[in-house]
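Hi everyone, thanks for making time this morning.

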Amino acid sequence: MRPVDEVAKIITETFVDWQVYSDAIPEEVIDDRHVTQVLLKEAESDVSGYGGNTFNMMNLGVDIQIFYSLDYDENMLLSEVILMKQLEDNRWRVGDSQAHYLDMSQTDNQQTIKNITVNKTVLVDEIG
């Protein structure tokens, strides 16, 4: 399982109405601004924790980009706190949480976007 798959599972279990995509949002839904979409991309996959002449751990990272629906009527900050707490409960640490900004590629009805990066260190024995 890829790190983005693990994060996607956590997000979809926490927010069932959000559409979660790995690597790219499909062309046929990319312009749907009436649903909250989440784009996940691998940010890190590096070896660490050497011992016995080999590495024993991997550092994993996932970039999370949330495109809030124009119809989103929940508290965005509270939703993000809930998400980050769920990720932490699954050993993903928040490495970066950037300020909200508007999608400047849209001239009307600009979506609010939020970027979060999470990281996790796993033992090689835990993989597979």
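This is a predicted model: local features need pLDDT of at least 70, side-chain atom pairs count only at pLDDT 80 or more; totals for chains, interfaces and linings use all residues.

Let's begin with charge. Side chains of opposite charge can pair when their charged atoms come close. Here the count of salt bridges comes to 7. Which residues are linked in a network of them? They are Arg2, Asp23 and Glu42. Asp23 and Arg2 meet at 3.0 Å, N to O. Asp23 sits in the loop between S1 and S2, while Arg2 is in the segment before helix H1, so this pair ties together parts 21 residues apart in sequence. Arg2 also makes a salt bridge with Glu42, at 3.1 Å. With Glu42 in strand S2 and Arg2 in the segment before H1, that pair links parts of the chain 40 residues apart. As for accessibility, Asp23 is partly exposed at 40%, Arg2 likewise at 33%, and Glu42 at 36%.

Now over to helix H1, where Glu13 and Lys9 are 4 residues apart, about one helical turn. Their closest N and O atoms lie 2.9 Å apart in a salt bridge. Glu13 is exposed at 53% relative accessibility, whereas Lys9 is partly exposed at 47%.

Next, the surface. Glu27, Glu28, Asp31 and Asp32 gather there in a patch of negative charge. Glu27 belongs to the loop between strands S1 and S2, and Glu27 is exposed, with a relative accessible area of 66%.

Last one, folks: Ser79 in helix H2. Is Ser79 buried or exposed? Ser79 counts as buried, at 5% relative accessibility. The Ser79 side chain joins that of Tyr72 in a polar contact of 2.6 Å.

How values were computed: Residues are numbered from 1 along each chain as its sequence is written. Side-chain values use heavy atoms; hydrogens and water are left out. Patches are made of residues with over 30% relative accessible area and no salt bridge: like charges are joined within 9 Å, nonpolar side chains (Val, Leu, Ile, Met, Phe, Trp, Tyr) within 5 Å. Accessible areas come from the Shrake-Rupley method with a 1.4 Å probe; for residues, only the protein chains shown count as cover. A salt bridge is a side-chain nitrogen of Lys or Arg within 4 Å of a carboxyl oxygen of Asp or Glu. Lys and Arg count as positive and Asp and Glu as negative; His and the chain ends are not counted. The place of a charge is taken as NZ of Lys, CZ of Arg, CG of Asp or CD of Glu. Helices (H or I, at least four residues) and strands (E, at least two) are DSSP runs, numbered from the N terminus. Buried means under 20% relative accessible area, exposed over 50%, partly exposed in between (1.4 Å probe, protein chains only). A polar contact is a pair of N or O atoms within 3.5 Å; within protein, one must be able to donate a hydrogen and the other to accept it, and residues adjacent in sequence count only if both atoms are side-chain atoms.
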